[in-house]
Amino acid sequence: HVGERPLYRHVARLAREWNILGNVGLVAGATWPEELAAVREDCPGMPLLIPGVGAQGGDIAAAIKAVAGSEGDQPFLLSSSRAIVNASSGADFQEAASGAAHDLRERIAAAL
């Protein structure tokens, strides 16, 4: 904690202050949607990279609800690496990885 604020919120607010040129973004995990919402509250309009929706089990709908804004106009990017890269270790890797990526895209679209 920094004063009464958790450290992650202090860092988010500092990042907002440093974002003079509009070239600062933040990374916040999908596994903590309440904290994601707090970061969005502290940093409206800043892009957020959100890992953790694949192998780590973050809830896609909860993450999107936390960061997209009431009009769906806030910038964010959901990231899933391991769930796609580890979709298969066999000869069907390309098809399995493509299927995992497509499934993620469909789940994001449904949540939006």
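Trainee: Among contacts between residues at least 6 apart in sequence, what share joins residues at least 24 apart?
Mentor: In this protein that share is 54%. A contact here means heavy atoms within 4.5 Å. Keep in mind that this is a predicted model, where local features need pLDDT of at least 70 and side-chain atom pairs count only at pLDDT 80 or more, while totals for chains, interfaces and linings use all residues. Residues are numbered from 1 along each chain as its sequence is written, and side-chain values use heavy atoms, leaving out hydrogens and water.

Trainee: What makes up the secondary structure of the protein?
Mentor: Five helices and three strands. Both are DSSP runs numbered from the N terminus: helices are H or I with at least four residues, strands are E with at least two. Along the sequence, the pattern reads α-β-α-β-α-β-α-α.

Trainee: Why is arginine 9 called buried?
Mentor: Its relative accessible area is 17%, and buried means under 20%, exposed over 50%, and partly exposed in between (1.4 Å probe, protein chains only). So arginine 9, which lies in helix H1, counts as buried. Overall, buried residues make up 31% of the 112 residues.

Trainee: And what about glutamine 94, buried or exposed?
Mentor: Exposed, because its relative accessible area of 68% is over the 50% cut-off. You'll find glutamine 94 in helix H5. Its C-alpha atom is 28 Å from that of alanine 63, a residue 31 places away along the chain.

Trainee: How does proline 6 count?
Mentor: Its relative accessibility is 24%, which falls between the 20% and 50% limits, so proline 6 is partly exposed. Proline 6 sits in the segment before H1.

Trainee: How do you know that the side chains of arginine 9 and aspartate 42 are joined by a polar contact?
Mentor: Their distance is 2.8 Å. A polar contact is a pair of N or O atoms within 3.5 Å; within protein, one must be able to donate a hydrogen and the other to accept it, and residues adjacent in sequence count only if both atoms are side-chain atoms. So the 2.8 Å pair makes the distance limit. Leaving aside neighbours within four places in sequence, arginine 9 also touches Ala38 and Glu41, among its contacts.

Trainee: Which buried residues does helix H3 have, then?
Mentor: H3 runs over residues 60-67, and Ile60, Ala63, Ile64, Ala66 and Val67 are its buried ones. They sit on the same side of H3, because they cover an arc of only 160° around the axis, taken from the directions from the helix axis to the C-beta atoms. That buried set packs against helix H2 (33-42), strand E2 (48-51), strand E3 (76-79) and helix H5 (93-111).

Trainee: What caps the N-terminal end of H3?
Mentor: Aspartate 59, with a side-chain oxygen 3.0 Å from the backbone nitrogen of alanine 61. Just after H3, glycine 69 has a positive phi of about 85°.

Trainee: How are the three strands arranged in the sheet?
Mentor: They form an open sheet in the order E1-E2-E3, with parallel pairing. E1 and E3 are at the edges with a single partner strand each, so one side of each has no neighbour in the sheet. Two strands pair if DSSP finds at least two bridges between them, and E2 and E3 have four, so they qualify. Leucine 48 stands opposite phenylalanine 76, and isoleucine 50 opposite leucine 78.

Trainee: What makes a right-handed β-α-β unit here?
Mentor: E2, H3 and E3 do. The crossover is right-handed if, with the strands pointing away from the viewer, the path from the first strand over the helix to the second runs clockwise.

Trainee: What does the largest nonpolar core contain?
Mentor: It has 24 residues, and those with the most contacts inside it are Leu26, Leu36, Ile50, Ile60 and Leu78. H3 gives the most to this core, with five residues. Such a core is a set of buried Ala, Val, Leu, Ile, Met, Phe, Trp, Tyr and Cys residues joined through side-chain atoms within 4.5 Å.
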